[in-house]
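Colleague: I have a model open here and would like to go through it with you. Could you take my questions one at a time?

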Amino acid sequence: MQSIKLQLGCFLVILFIEITYLRESRREHFSYNRQFELLMLTAPFAVFFDRLTAWTVNHLDIVPGYLNRLAHLFFFIWMDLTIIITSEYMYDQLIGFHKASKKDRLLLELPGAVSLLLIIAGIGELDYIQGVTTWYSMGFSVYVCYGTVVLYYGTILFLVFTRHRFLPKEKVISTLSFILIAGVILAVQIRFPEVLLTSIFPMVLLLVIYLDFENPFIRKLTLHNEEMLDGFATMIESRDNNTGGHIKRTRAYVNLILEKMKKDKHYQDILNRDYMINVSNAAPLHDIGKIATPDNILQKPGKLTDEEYRIMKEHAATGGDIILHTFYNLDDKEFRQIAYEVARFHHEKYNGNGYPDGLVGEQIPLHARIMAIADVFDAVSQKRCYREAMSLDESFSIIKNGIGTDFDPRLAELFLNAREEVEELMKQIKYKKN
């Protein structure tokens with residue numbers, strides 16, 4: 001009777017989470033997370049078959065053997081799928097599963113496919129053991145499920161420990177809490193098999209992910225923050241009528257460079273899902289300091305005087321200060337720091353001849369080095385009030401000739417090698433604008 005109450009309670013919690021998530025997501029027009037959607041599908045089935053097998057294993061006298069094993073087979077499969085999907089979800093949150101290479105996807109999914117096959121192959125070796133208070137099942141398929149938990153969650157734990165310097169602290173803490181809870185449940189279930197905590201397992205996994213990552217109210221706040229950032233970017237662009245679609249193009253170039261960096265082993269420890277999102281969202285704010293630049297300088301049709309150029313250069317440092325003061329209470333400290341560094345340092349040069357601080361080489365934050373390439377390329381390839389646009393060949397030559405002096409050599413090469421994609425982005429943005 002106690003197990004029925006426990007499983008019913010778990011099922012009701014799962015149902016509440018799913019109804020709330022779907023209702024709020026549709027109301028706010030949020031995009032759904034594929035792994036979380038799959039988890040909402042597998043979790044209730046895992047709890048249902050846990051309840052079914054708890055009944056069949058205690059009624060061996062009336063339940064045919066093949067039905068009992070079939071019920072256990074479905075239970076093990078749904079539980080195994082829940083473990084695999086939650087692992088993919090956590091990997092996506094930490095690294096970015098939806099943008100992972102085919103090789104990385106295969107490495108993550110192949111063990112899961114093997115474990116499912118082993119469960120099916122070993123279901124005939126299932127044993128039913130009479131405990132003090134209840135019957136329970138043990139056997140090869142059970143051990144495979146335990147092994148899947150250790151393998152997958154151990155992999156996530158390894159990622160956290162090896163890349164914790166590059167991951168947001170909040171996600172590190174959430175992930176460690178997630179694995180700790182799963183580990184405690186697993187340890188108790190192995191030590192006391194009659195306790196039957198298996199129904200709690202999928203419910204707790206779904207609940208932790210919902211509270212820490214998929215809560216619609218938190219996502220709504222994040223969306224409002226992004227809309228505020230877009231508003232700032234639009235305000236910047238409206239003040240400088242020379243730049244046209246500068247913000248859209250530079251952000252597109254930044255995203256392209258980030259995608260190319262993901263395929264470069266040199267950056268695999270640095271690049272993760274949050275870093276890429278933060279850099280992409282910070283890119284439109286790189287010129288926010290121009291808010292404080294006088295119109296007669298910002299919109300001057302001719303060449304700037306030395307004094308005017310000095311004032312113009314102040315926009316970098318000013319932009320950093322604006323971000324620090326404007327976003328002081330922003331919960332996402334990692335984003336605030338990246339946005340600050342993009343705004344302040346995107347005019348630094350690799351050889352130390354940039355401004356405002358004359359940083360050299362890798363003293364310049366990586367995201368500012370990315371922004372510098374996107375910013376300069378768009379500046380020379382587009383028409384301005386004081387000059388005509390350079391040709392594409394000339395624009396790409398500016399980047400090439402600046403390797404090692406103005407730009408990070410490795411990043412510049414990635415950009416130059418993506419010329420066809422850059423040109424396609426330019427056409428797409430021009431088409432949307434028209």
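Colleague: How many helices and strands does the chain have?
Modeller: The secondary structure comes to 17 helices and two strands. Helices (H or I, at least four residues) and strands (E, at least two) are DSSP runs, numbered from the N terminus. This is a predicted model, in which local features need pLDDT of at least 70, side-chain atom pairs count only at pLDDT 80 or more, and totals for chains, interfaces and linings use all residues. Residues are numbered from 1 along each chain as its sequence is written, and side-chain values use heavy atoms, with hydrogens and water left out.

Colleague: What share of the residues is buried?
Modeller: Buried residues make up 50% of the 434 residues in the chain. Buried means under 20% relative accessible area, exposed over 50%, and partly exposed in between (1.4 Å probe, protein chains only).

Colleague: And what about contacts between residues 24 or more positions apart?
Modeller: Such residues account for 69% of the contacts in the chain with a separation of 6 or more. Contact means heavy atoms within 4.5 Å.

Colleague: Which strands pair, and in what sense?
Modeller: Strand E1 (residues 127–130) pairs with strand E2 (residues 135–138) in the antiparallel sense, over four bridges. Two strands pair if DSSP finds at least two bridges between them. Asp127 stands opposite Met138 in E2. The two strands, E1 and E2, form a hairpin with four residues between them.

Colleague: Turning to helix packing, at what angle do H9 and H16 pack?
Modeller: Helix H9 (residues 246–262) and helix H16 (residues 409–417) pack at an angle of about 105°, and their axes are 10 Å apart. That makes H9 roughly perpendicular to H16. Axes are lines fitted to C-alpha atoms, for helices over the stretch in contact, and angles run from 0 to 180 degrees between N-to-C directions. Angles under 35 degrees count as roughly parallel, over 145 as roughly antiparallel, 65 to 115 as roughly perpendicular and the rest as oblique.

Colleague: Which residues make that contact?
Modeller: H9 contributes Tyr253, Ile257, Lys260 and Met261, while H16 contributes Leu411, Leu414 and Phe415. These residues divide into six nonpolar, no polar and one charged. Here Ala, Val, Leu, Ile, Met, Phe, Trp, Tyr, Cys and Pro count as nonpolar, Asp, Glu, Lys and Arg as charged, and the others, Gly among them, as polar.

Colleague: New topic: is Asp50 buried or exposed?
Modeller: Asp50 is buried, with a relative accessible area of 3%, and is found in helix H2 (residues 34–56).

Colleague: What does Asp50 touch?
Modeller: Not counting residues up to four places away in sequence, Asp50 touches Gln7, Phe75, Thr198 and Ser199.

Colleague: Where does Ser115 lie?
Modeller: Ser115 lies in helix H4 (residues 102–122) and is buried, at a relative accessible area of 6%. Leaving out residues up to four places away in sequence, Ser115 touches Asp80, Ile84, Val144 and Thr148.

Colleague: How many disulfides are there?
Modeller: The count comes to zero disulfides, a disulfide being a pair of cysteine sulfur atoms within 2.5 Å. Cys10 is buried at 2% relative accessible area, and Cys145 is buried at 7%.

Colleague: Lastly, which residues does a cis peptide bond join?
Modeller: A cis peptide bond joins Tyr355 and Pro356, with omega about 15°. Pro356 lies in the loop between helix H13 (333–345) and helix H14 (366–381).
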